[in-house]
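Trainee: I'd like a close look at one part of this protein, and then how that part sits in the whole. Could you walk me through it in one go?

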Amino acid sequence: MKIREILAVLLVSSAVSAPALAQNAQQASPPPGSPAATVTIPGDQLPPPPQKFGGKIERDAKDSRPFWPARVVPPKGAPNVLLIITDDAGYGVASTFGGVIPTPALDRIANAGLRYTNFHSTALCSPTRAP
């Protein structure tokens, strides 16, 4: 009987403490520079600015210290927004507007009624790329 009582107490205590341990494990964030590190940035600059390198580069790999930039994640409650940036693609390149490049996802969005038609392009690329 004693063994059953001890096992029952251990089972109940482990069941009670397991959620607390899991909660503590979820709150711990990976250290900066690790492959799993994340960072949230304000959304006023896209793409996000480059992150400072925090590793150490030496002549030998054994003397170096690796560093991975943190993966940028949205803040909690952020809207689900898709930003598409193209370069050297004219207005009529996508199949959505009669072009030869198949863009089925953009076609579905356009057929649902969302079409952005305020497109600007210059005859020379230099004015649009000047700093």
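**A close look at Thr-103**

Mentor: Let's start with the neighbours: leaving aside residues up to four places away in sequence, Thr-103 touches Ala-94, Ser-95 and Thr-96. Keep in mind that this is a predicted model. Thr-103 is found in the loop between S2 and H2. Is Thr-103 buried or exposed? Thr-103 has a relative accessible area of 16%, and because the cut-off for buried is under 20%, Thr-103 counts as buried.

Now for the setting. The protein has 3 helices and 2 strands, and from the N terminus on the order is α-β-β-α-α. Buried residues make up 8% of the 131 residues, and Thr-103 is buried. Take the contacts between residues at least 6 apart in sequence: 39% of them join residues at least 24 apart. The accessible surface of the protein comes to about 11600 Å², with 62% of that belonging to carbon and sulfur atoms.

On that surface there's a nonpolar patch formed by Leu-82, Ile-84, Leu-106, Ile-109, Leu-114 and Tyr-116, and together these residues have about 620 Å² of accessible area. Pick out Tyr-116 from that group: you'll find Tyr-116 in the loop between helix H2 (104-111) and helix H3 (126-129). Its relative accessible area is 65%, and since anything over 50% is exposed, Tyr-116 goes down as exposed. So Thr-103 is buried at 16%, whereas Tyr-116 is exposed at 65%.

One last stop, the aromatic rings. How many aromatic pairs does the count come to? The count comes to 1 aromatic pair. That pair is Phe-53 with Phe-67, arranged edge-to-face, with 5.8 Å centre to centre and 75 degrees between the planes. The pair links distant parts of the chain, 14 residues apart, with both Phe-53 and Phe-67 in the loop between strand S1 (38-39) and strand S2 (71-72). As for cover, Phe-53 has 44% relative accessibility and counts as partly exposed. Phe-67, at 23% relative accessibility, is also partly exposed, because buried would need a value under 20%.

Terms used. Residues are numbered from 1 along each chain as its sequence is written. This is a predicted model: local features need pLDDT of at least 70, side-chain atom pairs count only at pLDDT 80 or more; totals for chains, interfaces and linings use all residues. Side-chain values use heavy atoms; hydrogens and water are left out. Patches are made of residues with over 30% relative accessible area and no salt bridge: like charges are joined within 9 Å, nonpolar side chains (Val, Leu, Ile, Met, Phe, Trp, Tyr) within 5 Å. Accessible areas come from the Shrake-Rupley method with a 1.4 Å probe; for residues, only the protein chains shown count as cover. A salt bridge is a side-chain nitrogen of Lys or Arg within 4 Å of a carboxyl oxygen of Asp or Glu. Helices (H or I, at least four residues) and strands (E, at least two) are DSSP runs, numbered from the N terminus. Buried means under 20% relative accessible area, exposed over 50%, partly exposed in between (1.4 Å probe, protein chains only). Contact means heavy atoms within 4.5 Å. Rings of Phe, Tyr and Trp (its six-membered ring) pair if their centres lie within 6.5 Å; planes under 30 degrees apart count as stacked, over 60 as edge-to-face and the rest as tilted.
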